[in-house]
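Colleague: Hi! Could you walk me through the helix packing here?
Modeller: Happy to, here it comes.

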Amino acid sequence: KCGVGEAGARALAEALTFKERDGTVVFPCLTTLHLGGNNIGDMGARWMAEALGPNKRGQHNTAITQLNLDWNNIGPEGARAVATMLDPTIHGGNLALQVLSLVGNRLADEGAEGIAT
């Protein structure tokens with residue numbers, strides 16, 4: 001809980017988006033991202049999902065294996081974005097992510113169903 005908010009989530013997402021520099025993934029040692037209690041909202045969840053999800057060539061950030069988005073005021077829209085990031089039918093999905101925590105958000109049934117499928 002460090003006051004990241006939507007703007008901070010966007011900046012983090014920009015930094016975490018899959019990039020290669022001389023054939024090496026940028027930030028390969030960052031495996032856990034804990035953004036709990038930062039009120040990133042639906043837009044912040046969308047930016048994180050776009051950053052960690054696969055691009056059109058199927059490349060994605062393979063270093064992050066744990067993502068904590070607890071207590072961030074994420075609703076169904078943000079949950080759908082996260083579900084898209086995980087969907088293996090969309091450019092292969094992000095299969096590196098092993099732990100995803102969304103405790104205390106307002107996902108509603110439709111958001112939870114999207115992530116569960």
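**Helix packing**

Modeller: Helix α3 (residues 76-86) and helix α4 (residues 108-116) pack with their axes 8 Å apart, at an angle of about 5°. This is a predicted model, where local features need pLDDT of at least 70, side-chain atom pairs count only at pLDDT 80 or more, and totals for chains, interfaces and linings use all residues. Residues are numbered from 1 along each chain as its sequence is written, and side-chain values use heavy atoms, leaving out hydrogens and water.

Colleague: Parallel or antiparallel, α3 and α4?
Modeller: That angle makes α3 roughly parallel to α4 (angles under 35 degrees count as roughly parallel).

Colleague: Which residues in α3 and α4 meet?
Modeller: From α3, P76, A79, R80, V82 and A83 meet A108, E110, G111, G114 and I115 of α4; contact means heavy atoms within 4.5 Å.

Colleague: And how do α2 and α3 cross?
Modeller: Helix α2 (residues 41-52) and α3 cross at roughly 5°, and their axes come within 8 Å. The two are therefore roughly parallel to each other.

Colleague: Which residues of α2 are involved with α3?
Modeller: D42, A45, R46, M48, A49 and L52 in α2 meet P76, E77, G78, A81, V82 and M85 in α3.

Colleague: Switching to R46, what does it touch beyond its sequence neighbours?
Modeller: Leaving aside neighbours within four places in sequence, R46 contacts E77 and A81.

Colleague: How accessible is R46?
Modeller: R46 has 32% relative accessibility, so it counts as partly exposed (between buried, under 20% relative accessible area, and exposed, over 50%, with a 1.4 Å probe and protein chains only).

How values were computed:
Axes are lines fitted to C-alpha atoms, for helices over the stretch in contact, and angles run from 0 to 180 degrees between N-to-C directions. Helices (H or I, at least four residues) and strands (E, at least two) are DSSP runs, numbered from the N terminus. Angles under 35 degrees count as roughly parallel, over 145 as roughly antiparallel, 65 to 115 as roughly perpendicular and the rest as oblique.
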